Amino acid sequence: MQNDIQEVLITEEELQQKIKELGRTLSEEYAGRTPLVICVLKGAFIFMADLVKAITVPVEMDFMAVSSYGASTKSSGVVKIIKDLDVSVEGRDILIVEDIIDSGLTLSYLIELLRNRNAASIDVVTLFDKPSGRTVNLEARYTGFVLPDEFVVGYGLDYAERYRNLPYVGVLKPEIYSN
Ligand SMILES: O=P(O)(O)OC[C@H]1O[C@H](OP(=O)(O)OP(=O)(O)O)[C@H](O)[C@@H]1O
Ligand SMILES: [Mg+2]
């Protein structure tokens, strides 16, 4: 797996330090409230696990699985709900946890959905942001790292379902991509 990586962009140490900082910021931001923290599966599962351990206010958690990339490095443009939330978001303070915002299509779809279900507030924390990929106008309230215009893998991010378990974020060697 390591042999498929051309370049490490963000090391494990850098990731862990940033997540602790985000946890501190969110703990201050949500003091006195109990947000419903929503993990956008699959990509965000590793970030979610580390982030909630760095948050000191009480949180409730739920999981939603959506997918638009499949085995491609480009969004299909169609966001598919694979698993919906188990709990109601009505009147809740929602914190959406994403691994990456690229085109912005996944999040704009999710935010619209949660608005229609009458959440009290909706904020987004994303570990990575790739502003160069954007096709819809969308910003996260909290962002870990801004990335260059390259398809990245690791720390939850996949290419064709592989590489999610790398503890760092890197760029694959070009010969690995089939498209
Ligand atoms: O801003 P966008 O262009 O919509 O891209 C971001 C989304 O794409 C990826 O999910 P993917 O569809 O690959 O599903 P996965 O999390 O199961 O890998 C990633 O985890 C984000 O959820
Ligand atoms: Mg993916």
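Predicted model: local features only at pLDDT ≥ 70, side-chain atom pairs only at ≥ 80, totals over all residues.

Mentor: Residues are numbered from 1 along each chain as its sequence is written, and chains are lettered from A and ligands numbered from 1 in the order in which they are written.

Trainee: Why is strand S5 called largely enclosed?

Mentor: A residue is buried if 20 or more other C-beta atoms, placed from the backbone, lie within 10 Å of its own. Eight of the nine residues of S5 (residues 93–101) are buried, so the rest of the structure largely encloses this strand. Strands here are DSSP runs of E with at least two residues, and helices are runs of H or I with at least four, numbered from the N terminus.

Trainee: How do you know that S2 and S5 pair?

Mentor: Pairing takes at least two bridges found by DSSP. S2 (residues 36–41) and S5 have four, in the parallel sense. Cys 39 stands opposite Val 97 in S5.

Trainee: What joins S5 to S6?

Mentor: Eight bridges join S5 to S6 (residues 121–129), and the two run parallel. Leu 95 has Asp 123 in S6 as its bridge partner.

Trainee: Which residues are closest to ligand 1?

Mentor: The closest are Gly 43, Tyr 69, Asp 102, Ser 103 and Thr 106, among 17 residues that surround ligand 1. S5 and H3 are the elements that give two or more residues to this shell, and S5 has the largest share, four residues.

Notes:
Buried ≥ 20, exposed ≤ 12 C-beta atoms within 10 Å, placed from the backbone. Near = placed C-beta within 6 Å.
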